[in-house]
Amino acid sequence: MRFNRILLSAALVVVALVIQVSVLARLQLPGAVPDLVLLTVLGLALVYGHVGGALVGFGAGLLADLAPPADHAAGRYALVLCVIGYLAGLAKPDGGRLRSATGALVVVVSAAIGSTLLYAGVGSLVGDTAARHVGLVGLLFTAALYDLLLAPFTVPLIIALARRADNDPLGENGPANKATDVSSGWLSSGTGLSIGNQRGSGLRAKAAKARVARAGRIKGVKRL
């Protein structure tokens, strides 16, 4: 990943984690807790693709595993978000722009349900049976509901910030490189600047021919 992507992803994940731990987790809502970190990973994955989504998901999950008051094994949520980020990145639209909000909402609901199931599944492998006592069905419903309600206020903003960061002048697709591409396109397509160059070349060629003809006439006069 490029430096501007890493910097933006780290900043967004840290802000999302702080808000989730200090605000959302203290609302004491029934069932699951609104997962702002998950929505941040989804928004970035829809712009960066499956590889970037997996990397962002792993880093965000590992940070969430280590942040207090975490009460589960380190690496558990990192694995979950890594898989979710990879799968969400596969849904990246062509051209990087979402044609409708329906697709993004489907990704959010699927990720909320999938992350809850995967988290509970990994927990059962390590002996954590908390999901059984709370009720897996209730967790699935509330996780999907809370994330779906929170998504319209977060995911579009994250996508917009990620796209703006990709327009960094020092980036691979920055305006400087785009200007180079545009100028080369002008030269190859025969518009604007190219036409001016062609006209200049034509005038110089005509002037050279006139000088040659004038010299020929002068030489002919001298021969007579």
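In α3, the buried residues (under 20% relative accessible area, with exposed over 50% and partly exposed in between, 1.4 Å probe, protein chains only) are Arg 76, Tyr 77, Ala 78, Val 80, Leu 81, Ile 84, Gly 85, Ala 88 and Gly 89. This is a predicted model, where local features need pLDDT of at least 70, side-chain atom pairs count only at pLDDT 80 or more, and totals for chains, interfaces and linings use all residues. Residues are numbered from 1 along each chain as its sequence is written, and side-chain values use heavy atoms, leaving out hydrogens and water.

**Helix α3**
- Helix α3 covers residues 76-90, 15 residues in total; helices here are DSSP runs (H or I, at least four residues), as strands are (E, at least two), numbered from the N terminus.
- From first C-alpha to last, α3 reaches 22 Å, close to the 21 Å expected at 1.5 Å a residue (1.5 Å times one less than the number of residues).
- The cover over its buried residues includes α2 and α4 (101-125).

**The nonpolar surface patch**
- Leu 79, Val 83, Tyr 86, Leu 87, Leu 90 and Leu 118 make up a nonpolar patch on the surface, together showing about 510 Å² of accessible area (Shrake-Rupley method, 1.4 Å probe, with only the protein chains shown counting as cover for residues).
- Patch members need over 30% relative accessible area and no salt bridge; nonpolar side chains (Val, Leu, Ile, Met, Phe, Trp, Tyr) are joined within 5 Å, like charges within 9 Å.
- A salt bridge would be a side-chain nitrogen of Lys or Arg within 4 Å of a carboxyl oxygen of Asp or Glu.
- Helix α3 gives the most to this patch, with five residues.
- Tyr 86 sits in α3, and counts as partly exposed because its relative accessible area is 37%.

**Helix α2**
- Thr 40 is in α2 and is buried, at 3% relative accessible area.
- Leaving aside neighbours within four places in sequence, Thr 40 touches Leu 12, Val 13, Ala 16 and Ile 158 (contact means heavy atoms within 4.5 Å).
- Ala 64, also found in α2, is buried at 15%.

**The loop at Gln 28**
- Gln 28 lies in the loop between α1 (3-22) and α2 (36-66), and is exposed at 74% relative accessibility.
- Its phi is near 55 degrees, a positive value in a residue other than glycine.
- Most residues other than glycine have a negative phi.

- The protein chain averages a pLDDT of 76, and 66% of the residues score at least 70 (pLDDT is the predictor's confidence in each residue, from 0 to 100).
- Residues 168-199 fall below 50, and this stretch has 22 contacts in the model beyond near neighbours in sequence.
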